[in-house]
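I opened the notebook today to look up charged side chains and how they pair. Here is the structure I had on screen, followed by my entries.

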Amino acid sequence: MQIKEMFENATNVYRTRKYIVKQIVNYNVQNKFHNVLYSQDTFYKRTYLRDKYYESKYKNKIDINGKRLKTACSTRKYID
């Protein structure tokens, strides 16, 4: 996988101490229950090249590490 493909279709991307996280946020409209926001999170282990790409892509952000968008539920997938 190309590094820039990590960011495709992302609603939000942020960085933790060990991972660069891609969030895809969706919503589910319920007729009977409450509507729900949920996210599919992919945690990419930080590497030198991934960090360099991340830093070049988000260099103009005030907080370069960003923050997670809060959702009611989420799934996680880890990539080395």
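Entry 1: I started with Lys52, which counts as partly exposed at 41% relative accessibility. My scale calls a residue buried under 20% relative accessible area, exposed over 50%, and partly exposed in between, with a 1.4 Å probe and protein chains only. A note on the source before I go on: this is a predicted model, where local features need pLDDT of at least 70, side-chain atom pairs count only at pLDDT 80 or more, and totals for chains, interfaces and linings use all residues. Residues are numbered from 1 along each chain as its sequence is written, and side-chain values use heavy atoms, with hydrogens and water left out.

Next I looked up what Lys52 pairs with, and found a salt bridge between its side chain and that of Glu55 (3.9 Å, N to O). The rule I used asks for a side-chain nitrogen of Lys or Arg within 4 Å of a carboxyl oxygen of Asp or Glu. Both residues sit in helix 1, three residues apart, about one turn of the helix. Helices here are DSSP runs of H or I with at least four residues, strands are runs of E with at least two, and both are numbered from the N terminus.

**Entry 2: Glu55 again.** Glu55 is partly exposed at 28% relative accessibility. I found that its side chain also forms a salt bridge with Arg15 (3.1 Å, N to O). Arg15 belongs to strand 1 (residues 12–15) and Glu55 to helix 1, so this pair ties together parts 40 residues apart in sequence. Arg15 itself counts as buried, at 9%.

**Entry 3: Asp51.** Which residues does Asp51 touch, leaving out those up to four places away in sequence? I listed Arg15, Ile20 and Arg46, taking contact as heavy atoms within 4.5 Å. Asp51 lies in helix 1 (residues 48–57) and is buried, with a relative accessible area of 15%. Its side chain makes a polar contact with the side chain of Arg15 (3.4 Å).

I then noted that Arg15, Arg46, Asp51, Lys52 and Glu55 are linked in a network of salt bridges.

**Entry 4: another pair.** I also looked up Arg68 and Asp41, whose side chains meet in a salt bridge (2.7 Å, N to O). Arg68 is in the loop between helix 1 and strand 4 (73–79) and Asp41 in strand 3 (residues 36–45), 27 residues apart, and the pair links these distant parts of the chain. Asp41 is buried at 2%, while Arg68 is partly exposed at 30%.

**Tally.** My salt-bridge count comes to five.

Key
A polar contact is a pair of N or O atoms within 3.5 Å; within protein, one must be able to donate a hydrogen and the other to accept it, and residues adjacent in sequence count only if both atoms are side-chain atoms.
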